[in-house]
Amino acid sequence: MPSIKPISEGSKIRAQKADPNGMRCLVENCPKERGVEAVHVVPREMSADRKFMKSIEWSWKMRKGTLNLDTRRNVFFLGASLQSLYKSGLWALIPEERIVDRFLSKPKGRFPGSPLPRQRFPDLEDETFRYTFIPLADLSSFGITRQNQGTNLADPVAFTTHLHPFTTLPSFTSHVHPKYVILRMACLLSSLEKQTDPFIINLLETNPVVCKLADFYPAWASGCLPIGAKADPSFLNVVPHEEEDGEEEERAYMSMESQSDYEEPDTESSDGDSVCTAPRRIWYPPSSWIKVARGAKRHSSEIEHSCSPSEHKGKHRKLLEDENNTGSVPWSSCTKESISKWAYECST
């Protein structure tokens, strides 16, 4: 049974070429020789949650099955220590407030703006954006040492140490797209653990940008598509279908469920030689497949250990003879009792 394919070298190379920082750590500004690695803003493992992915694709005005989290706009570079803290959800990036407001409707009186619907989702095509480091827990046990740009390493001012809550850190320029940064922060704020955390509660009360970001999870990632989404030609693939007997052609809307959700694609989800990321999700085998495969493998192993090769052939031949004699589909007339009896005979 196939498993999740790792991120391709092509995806890393595309992110590296787009990175205005030359693959240096976004926060510490240290060079790649200090263990700097590629990190996903939104974890690529989220591709396994099909309801989540469909909901995001709908909210982002995309076609179903086309959100590939290996895109360069979702990959940036961090040093080893900050990478571990980031994946643990202990800190995040937040966009400039004016950028966040592009994704919100205009406030009406005392009512704040709400995330824009699919039809009005903004198309931000800028190559780079500015982001701010924000801790999501008390990180006062350590500091962040940032290498200052364009200084001699022997100079005492070549490095600056920043302490919690890290308000002295400068803003960062990155090629990652704000929609991924907003989604990551919204997902973190939506967890029950964060909602009851006094640190996060205080952050929501004191930081207006973070307060706005908390509204995006229920709007973008609720998992429930609106009525009519399954028939929306801008969301699903439209396949021409010709009726039999010469009837007039009509449009048949074919869901990509079978292809993007259940069948393993014939090609890699990210071509290493391509200049752009393939518009399809990272493929994960459904959990039901894994359970069935494990059960089948275990059952097969038990039979192999309990039956000799000649017994295997005999049982297989008998099944084929029974099928030919009855002319029916094998197992179609089996009852629960007969299956249990057959399984017992195989094991003994």
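Against which strands and which helix do the buried residues of helix 3 pack?

1. Basis. In this predicted model, local features need pLDDT of at least 70 and side-chain atom pairs count only at pLDDT 80 or more, while totals for chains, interfaces and linings use all residues. Residues are numbered from 1 along each chain as its sequence is written, and side-chain values use heavy atoms, with hydrogens and water left out.

2. Overall content. The protein chain has 13 helices and nine strands (DSSP runs numbered from the N terminus: H or I of at least four residues for helices, E of at least two for strands). Of its 348 residues, 37% are buried (under 20% relative accessible area, 1.4 Å probe, protein chains only). Among contacts (heavy atoms within 4.5 Å) between residues at least 6 apart in sequence, 74% join residues at least 24 apart.

3. Helix 3. In helix 3 (residues 80-87), the buried residues are Leu82, Gln83, Leu85 and Tyr86. These residues lie on the same side of helix 3, because they cover an arc of only 165 degrees around the axis (taken from the directions from the helix axis to the C-beta atoms). Their packing partners are strand 1 (37-40), strand 2 (75-78), strand 3, strand 5 (143-147) and helix 5 (178-190). Gly89, with a positive phi near 75 degrees, follows helix 3.

4. Aromatic pairs. The whole structure contains 13 aromatic pairs (Phe, Tyr or six-membered Trp rings with centres within 6.5 Å; planes under 30 degrees apart are stacked, over 60 edge-to-face, the rest tilted). Trp91 and Phe133 are stacked, because their ring centres are 4.6 Å apart and their planes lie at 20 degrees. This pair links distant parts of the chain, with Trp91 in strand 3 (residues 91-95) and Phe133 in strand 4 (residues 129-135), 42 residues apart. Both Trp91 and Phe133 are buried. Elsewhere, ring pairs join Trp60, Phe103, Phe121, Tyr180, Phe216 and Trp220 in a cluster.

5. Charges over rings. The charged end of Arg118 sits over the ring of Trp58, 4.5 Å from its centre (the criterion is NZ of Lys or CZ of Arg within 6 Å of the ring centre and within 35 degrees of the ring normal). Tyr86, one of the buried residues of helix 3, has Arg184 over its face at 4.9 Å from the ring centre.

Note on methods. Buried < 20%, exposed > 50% of the residue type's maximum accessible area, 1.4 Å probe, protein only.
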